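Dear colleague,

I am passing on the structure we spoke about, and you will find it just below. My notes on what was found follow, and I would be glad if you read them with the structure open beside you.

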Amino acid sequence: MNIKYLVLENYIGGKFVPCSKLIDSFNPSTGEVYCKVPDSGPEEVDAAVTAAKKAFPDWSAKSPAERSKVLNKLADLIEARLEEFAQAESKDQGKTITFARNVDIPRSADNFRFFASSVLHHTNDCSQMDHMGCLNYTVRCPVGVAGLISPWNLPLYLLTWKIAPAVATGNTVVAKPSEMTSVTAWMMCQLLEEAGFPPGVVNIVFGTGPRAGDALVSHPDVPLISFTGSTATARLITERSAPYCKKLSLELGGKNPAIIFADADMEQCISTTVRSSFSNQGEICLCTSRIFVERCIYPEFLARFVETARRWKTGVPSDPSNDNGALISKEHLQKVKGYVALALTEGAQVHCGEGVDKLTLPQQNASGYFMLPTIISGVKDSSALMQEEIFGPVTCVTLFDEEEEVISRANGVRYGLSATVWSRDVGRVHRVARKLQAGLVWTNCWLVRDLNLPFGGMKNSGIGREGGKDSYHFFTEVKSITIKH
């Protein structure tokens, strides 16, 4: 049988360039190869960097208003094709069409709009030294060629979160999306010329981390790297980029706690915590994976939480009524299931999901990478399930007695990305939020984001912050100028 695959090409210097080596890309909901992605290496990355360097002088010389206009046009073009992009993202990543329609693609357009606007509103510092007849002021200049590496969980959403501020501030970019989810990035490339991007301003090179990613982070002409992904990969990036003193922004994993006090609004807390634990198959760095519940409400919370999670529908991504689709890959599914098997060997209890409830799928999806939302209790804080990022639809529930005790336990991991606190006591939520080692703390809500504010983590969850002012600072170099008159 002659199967026709979608074959992607790199986008370098304003042109699509075929690659002689290709990688298989799978449809997670069927387990079948449906797409061929370039397996780029140093040669392709070097060509992209050369194109970006060539485009830099003219692009950086444009006014913020001129660049802003191009970003807004690209946002319009993506929005006009929202359904096409959403279908592609759902098929490529395994997420539900509903999530792609309501979250991924709208946010991708919003990223361009947000930075198109925010770049127009930054001000610089100025100070007078009248006694010396001097005036000091700062200016910010683009850095040059930005190397951007984005992950597979929110493909276009997180790629545009990097491209938008980089080009808005006058840099040119070489971006490498995950080789497992490259289709929407390739589709966006088809819109760049129409949006008004000159050739070489945005270059996209597809491929794996060890080949394309390594070539990009160790390239001497790429002074800045923004990476979202695993802590293990970030260590390699840090090592490979160290000889060049590159600017680094690393947004890494999380082992995010939810702390639920006895005075929490139980109804709201349970529905939100199901969402924060299992959205996008649990494949979001901000997902809740450790739930600490005050002892007096623990039995009620656990019973209602399990009951609500069982109603969270897992199935074919193209069905708009499903809440969860398929996990990204066979290997990842096996890894996530491995944590559930480990929990059983440690004497923990699995209340729903993996190994407990049956998942029925259509015949054509029988080989897809599906897994039901899984809730586990009786896990020790020292267990791998409470210490390591699982990145799937698995969450652990445990009880606590005292405020200080739960803060200490919530902080007792190497990660520090986000946390949620549930309580009606205003003093307590402020107090607890201050003491939690997390870059983002939500109280009585989850994933409410103001893009002006810093995003990033503490400890092994990353280095640096991105967001309105923080992205502006990261993607520019500051220069202090003194004038004596």
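Into which domains is the chain divided? There is domain 1 (6-252 + 461-484) and there is domain 2 (257-443), with bounds that come from an automatic or database domain assignment. Please bear in mind that this is a predicted model, in which local features need pLDDT of at least 70 and side-chain atom pairs count only at pLDDT 80 or more, while totals for chains, interfaces and linings use all residues. Residues are numbered from 1 along each chain as its sequence is written, and side-chain values use heavy atoms, with hydrogens and water left out.

The C-alpha centres of domain 1 and domain 2 are 31 Å apart, and the contact between them (heavy atoms within 4.5 Å) draws on 26 residues from domain 1 and 31 residues from domain 2. About 2100 Å² is buried between the two domains, 56% of it from carbon and sulfur atoms; buried area here is the accessible area (1.4 Å probe) that two parts lose on being put together, summed over both. Across this interface the rule finds zero salt bridges, a salt bridge being a side-chain nitrogen of Lys or Arg within 4 Å of a carboxyl oxygen of Asp or Glu.

On the side of domain 1 that touches domain 2, α3 (82-93), α4 (97-118) and α8 (231-241) each supply at least two residues, and α4 gives the most, with four. Helices (H or I, at least four residues) and strands (E, at least two) are DSSP runs, numbered from the N terminus.

The structure as a whole holds 22 salt bridges. One of them joins E79 to R113, whose closest N and O atoms are 3.2 Å apart; because E79 lies in helix α2 (residues 64-80) and R113 in helix α4, the pair ties together parts that are 34 residues apart in sequence.

Finally, an open sheet of three strands has the order β1-β5-β4, with mixed pairing, where two strands pair if DSSP finds at least two bridges between them. β1 (6-7) and β4 (22-27) stand at the edges with a single partner strand each, so one side of each is left without a neighbour in the sheet. β1 runs parallel to β5 (residues 32-38) and is joined to that strand by two bridges, with V7 opposite K36 in β5.

With best wishes
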